Amino acid sequence: MKKSYDTPYGLMECYENYLVFHLTSDGVTGEASKEILSFAMKHYVNRKYVFIASRKFASPISPSAYKAINPKYMVGLAIVSESDAVKKEAYNEQGLFNGAFSYFKTIAEAEDWANTVVRKS
């Protein structure tokens, strides 16, 4: 069952094992990340999940944004986009996340991966 949250930075759709976040803001700071992840923490109380970031355009993500992540529960991060610029950003961000990390061109591919990551964690 899907539950949606309208955040100041984009729409978050939460499913059983993962959430899909549709970024609409121009960048994510450490403070913005804390606010975004607070929705996930309330939804997945003490349960593991994967964060799927759907990015239509390149958007600067501050390294401090990754410090708000609790890797005990957020066990995976997928970045989804057809943009080459976003793919390059994802490559640069990969070292900032301590968990399963992947890049996909479609949300459907990321969802399949996310279910596997949660099952195996």
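Trainee: How many salt bridges does a search of the whole structure find?

Mentor: This is a predicted model, where local features need pLDDT of at least 70, side-chain atom pairs count only at pLDDT 80 or more, and totals for chains, interfaces and linings use all residues. Residues are numbered from 1 along each chain as its sequence is written, and side-chain values use heavy atoms, with hydrogens and water left out. A salt bridge here is a side-chain nitrogen of Lys or Arg within 4 Å of a carboxyl oxygen of Asp or Glu. For the whole structure, the search gives four.

Trainee: Which residue meets Lys-34 in a salt bridge?

Mentor: Side chains of opposite charge can pair when their charged atoms come close. The N to O distance for this pair is 3.4 Å. Both residues sit in helix H1 (residues 30-43), three residues apart, so about one helical turn separates them. Helices (H or I, at least four residues) and strands (E, at least two) are DSSP runs, numbered from the N terminus. The partner of Lys-34 is Glu-31.

Trainee: Is Glu-31 buried or exposed?

Mentor: Buried means under 20% relative accessible area, exposed over 50%, and partly exposed in between (1.4 Å probe, protein chains only). Lys-34 has 48% relative accessibility, so Lys-34 counts as partly exposed. Glu-31 has 56%, and therefore Glu-31 is exposed.

Trainee: How many residues apart in sequence are the parts that Arg-55 and Glu-89 tie together?

Mentor: The side chains of Arg-55 and Glu-89 form a salt bridge at 3.7 Å, N to O. Arg-55 lies in the loop between strand E4 (49-54) and strand E5 (74-80), while Glu-89 is in helix H2 (residues 84-93), so the parts tied together are apart in sequence by 34 residues.

Trainee: How far apart are the closest N and O atoms of Glu-93 and Arg-55?

Mentor: Glu-93 is in helix H2 and Arg-55 in the loop between E4 and E5, 38 residues apart. Glu-93 has a relative accessible area of 4%, so it is buried. Arg-55 is buried because its relative accessibility is 5%. Their salt bridge has its closest N and O atoms apart by 2.9 Å.

Trainee: Which residues are linked with Arg-55 in a network of salt bridges?

Mentor: One member is buried, with a relative accessible area of 16%: Glu-89. Leaving aside neighbours within four places in sequence, Glu-89 is in contact (heavy atoms within 4.5 Å) with Arg-55, Ala-58, Ser-59 and Pro-60. The network links Arg-55 with Glu-89 and Glu-93.
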